Each structure stands twice: as C-alpha cells, then as structure tokens.
Amino acid sequence: MLSQKNLNENSDQDNSSDSGCDLCPIENDDFKTPKMSIRWSSILTKVLTSTFNDNTQNEQDEQNREALINEIECVIASKYPDAKLSVFGSSKNGFALKNSDIDICMTFEKDQNGHKQIERDLVHSLGTLLKSNYKFDQVKERANARVPIVKFRHKKS
C-alpha cells in the first residue's frame, strides 16, 4: 500500500522539483502533491501503463464497435429511414476503452434540430423498437430527461 512515508522514501536523493513531482508541479491549499521518490514514480508509471494497455481497444475491438454501430443504424432505419446517427464522446475522439459505452445522437435528414414528432413520443417509439429486437436488452427510456435518451445494451457486448 502506498503511504506518505513510502512516497517520501529517498525523496531527497532524487532530482524532483520542490513539489515532489515534475509532472504535477501545481500546489494549492486544497491539494499538495507529495514528494515522490524515483522508485515510487517508476512503480506508479508501470501500474498506469499496464492499466492503460490492459483496457485500451485493439483493432478488432474497434471493428466490432463499428459493426455494432452499423447494426444499430439498420434497426433504426427500418422505422426511421431519414434518421441519421452520429457517434460522439470517447468513441469518436479515440479515448474509448474496451468496455466503454457508445454515445450516439439521432437526428433526421429533414429536420437537423429534431423530428416533427414530440420528443417524448419519439423516445417511447424508439424504446419500443429496440425492445422488440432480440439483439438488444436492458432498454430504458429517459423521455423526461433534460436531453431525452434511450439507453440499451447489445446482447453480444
């Protein structure tokens, strides 16, 4: 277990800045970075690198994610042919991990700001469509949210 004593161990022997960490030089009254020895800095770097490598998507994961998005588009297009799905968030910017969700915004070709239907009705209709498809479960409609959404899980995922 990391402790202040462990972090300070040999700290006077390394060349770190007064804040204890060249990577974290900012100190204020709310947060003071502890002095960290070269040994503990190395351990922390290894743990963080290993965690990143264990959780980052590989090429197959990215292909599976793309296939899932295409599958969702096909299901939605069966009822809403003018619907356009746009991925945003970590899936779009490349920061998605293996188990990250996929954030998708649905707009319509005829009306980029929404649909002529009332949002609440659209959310319920989309929820019903996804519930009727055997590939999806845990469908939850959030029609009264500030930004109405439908959350669901793909059974293969």
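**Chatting through the fold**

Me: How much of the contact in this chain, at a separation of 6 or more, comes from residues 24 or more positions apart?
Reply: Those residues account for 44% of the contacts with a separation of 6 or more in the protein chain. Keep in mind that this is a predicted model.

Me: OK, and what is the chain built from, how many helices and strands?
Reply: There are 5 helices and 4 strands. Starting at the N terminus, the order is α-α-α-β-α-β-α-β-β.

Me: What share of the residues is buried?
Reply: Buried residues come to 24% of the 157 in the protein chain.

Me: Let's look at helices. How do α3 and α5 pack?
Reply: Helix α3 covers residues 59–79 and helix α5 covers residues 119–131; they pack at an angle of about 120°, and their axes are 10 Å apart.

Me: So is that perpendicular or oblique?
Reply: Oblique, because the roughly perpendicular range is 65 to 115 degrees and the angle here is about 120°. That makes α3 and α5 oblique to each other.

Me: And is the crossing left-handed or right-handed?
Reply: The crossing of α3 and α5 is right-handed.

Me: Which residues make the contact?
Reply: From α3 you have V75, I76, S78 and K79, and from α5 there are S125, L126, L129 and L130.

Me: What kinds of residues are those?
Reply: The contact of α3 with α5 has 5 nonpolar residues, 2 polar and 1 charged.

Me: Switching topic: how many aromatic pairs are there?
Reply: Searching the whole structure turns up 2 aromatic pairs. In one of them, the ring centres of Y80 and F108 are 5.9 Å apart and the planes sit at 75°, so that pair is edge-to-face.

Me: Where do Y80 and F108 sit in the chain?
Reply: In distant parts of it, 28 residues apart: Y80 is in the loop between α3 and β1 (83–88), while F108 is in strand β2 (residues 103–108).

Me: Are those two buried or exposed?
Reply: Y80 and F108 are both buried.

Me: And what about F136 and F152, how are their rings placed?
Reply: The centres of the F136 and F152 rings are 5.2 Å apart with the planes at 85°, so this pair is edge-to-face. The pair links strand β3 (residues 136–142), which holds F136, with strand β4 (residues 149–154), which holds F152; the two residues are 16 apart.

Me: Buried or exposed, those two?
Reply: F136 counts as buried because its relative accessibility is 3%. F152 is partly exposed, with a relative accessible area of 29%.

Terms used
Residues numbered from 1 in each chain as written. Predicted model: local features only at pLDDT ≥ 70, side-chain atom pairs only at ≥ 80, totals over all residues. Heavy atoms only, no water. Axes fitted to C-alpha atoms, helices over the stretch in contact; angles between N-to-C directions. Parallel < 35°, antiparallel > 145°, perpendicular 65-115°, else oblique. Left-handed = near helix turned anticlockwise from the far one by under 90°. Contact = heavy atoms within 4.5 Å. Nonpolar A, V, L, I, M, F, W, Y, C, P; charged D, E, K, R; others polar. Phe/Tyr/Trp six-rings, centres within 6.5 Å; stacked < 30°, edge-to-face > 60°. Buried < 20%, exposed > 50% of the residue type's maximum accessible area, 1.4 Å probe, protein only.
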